[in-house]
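Trainee: I have a model open and would like to learn how to read it. Where do we begin?

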Amino acid sequence: MTPRTLISAAAGGIILMGCAYPWPSITSSAECTVQHCEVAISANQHDMPSFGCFVDRADPYTLVVRHARPVSVTFRLDAGSAQNGYAFASNGIVFDDPTGWTCPQIPANAKLAVCTNAAGPGNHKYTVNLVKGSAPCEPHDPFVVNQ
C-alpha cells in the first residue's frame, strides 16, 4: 500500500469509529420520595451570540414522584446560569395539562420557581421558560412522572 492510501484508510476508519461511539445521554432521571423535590435548571448562550440563549437542561430531565401528593417542586437556576444573568420568565414553568398543578406567576429576575404538584398519576410534560435581560431563551420540555 502506498503511504497516501494507508493514511486515507486510517482517516476513514477513525471517522467511522467516531460515528459508532455511543455518546452519553443528556437526559437524567431521579426519584422524589419526600414532600419537597428539586430540579436544577441551566441555561447557555448559542455559539453565535446573535442566535440568543437556550435552556440547556433540567436535572433531572424526568422527575419521578413516588410520594403522596401534594408535593412541592422547586425549579432552581444553577449558580453559573444565575451569575450569567439568566432568570425565569413570568411564565417560567408551564405544564401542558395544568390540572392539579399550581405554579404562580414568577416575579422579575427570579432565580427559582416553586410549583405544587397535586396532579394524578402519569406523565406531566412541562416547559421551562427563561430570559436573559428582556430577551427570551429557547425553552426546554422535561417531564414529571407521578406514580
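Mentor: With a definition: two strands pair if DSSP finds at least two bridges between them. Keep in mind that this is a predicted model. Now apply the rule: β9 and strand β11 (residues 143-146) are antiparallel partners, with 4 bridges between them. Asn123 faces Val145 of β11.

Trainee: Which other strands does β9 pair with, and over how many bridges?

Mentor: β6 is one, running antiparallel to β9 and joined to β9 by 6 bridges. There, Phe95 sits opposite Tyr126 of β9. Strand β10 (residues 135-136) is another, antiparallel to β9 over 2 bridges. Lys132 stands opposite Ala135 in β10. The β9-β10 hairpin has 2 residues between its strands, and Gly133 takes a positive phi near 70 degrees in this hairpin.

Trainee: How do I read a sheet, and what is the strand order here?

Mentor: Strands of a sheet pair through backbone hydrogen bonds, either parallel or antiparallel. Here 5 strands make an open sheet, ordered β3-β2-β5-β8-β7, with mixed pairing. β3 (53-59) and β7 (101-102) are the edge strands, each pairing on one side only. Inside the order, β5 (residues 71-77) and β8 (residues 112-117) are antiparallel over 6 bridges. Thr74 has Val114 in β8 as its bridge partner.

Trainee: Now the core. Which residues touch the most other members?

Mentor: In soluble globular proteins, nonpolar side chains tend to be buried together. The largest nonpolar core here has 29 residues, and Ile41, Phe75, Phe88, Ile93, Tyr126 and Leu130 touch the most other members. Elements giving two or more residues to this core include β2 (36-45), β6 (86-95) and β9 (122-132). Look at Tyr126: beyond its neighbours within four places in sequence, its contacts include Val39, Phe75, Ile93 and Phe143.

Trainee: How many salt bridges does the structure have?

Mentor: Side chains of opposite charge can pair when their charged atoms come close. The whole structure has 2 salt bridges. In one, Arg66 meets Glu31 at 2.9 Å, N to O. This pair links distant parts of the chain, 35 residues apart: Arg66 is in the loop between β4 and β5, Glu31 in strand β1 (residues 29-32). Glu38 and Arg76 also form a salt bridge, with their closest N and O atoms 3.2 Å apart. Glu38 lies in β2 and Arg76 in β5, 38 residues apart.

Trainee: Is Glu38 buried or partly exposed?

Mentor: Glu38 has 40% relative accessibility, so Glu38 counts as partly exposed. Arg76, at 34%, is also partly exposed. Arg66 is partly exposed too, with a relative accessible area of 42%.

Notes. Residues numbered from 1 in each chain as written. Predicted model: local features only at pLDDT ≥ 70, side-chain atom pairs only at ≥ 80, totals over all residues. Heavy atoms only, no water. Core = buried A, V, L, I, M, F, W, Y, C linked by side-chain atoms within 4.5 Å. Buried < 20%, exposed > 50% of the residue type's maximum accessible area, 1.4 Å probe, protein only. Contact = heavy atoms within 4.5 Å. Salt bridge = Lys/Arg side-chain N within 4 Å of Asp/Glu carboxyl O.
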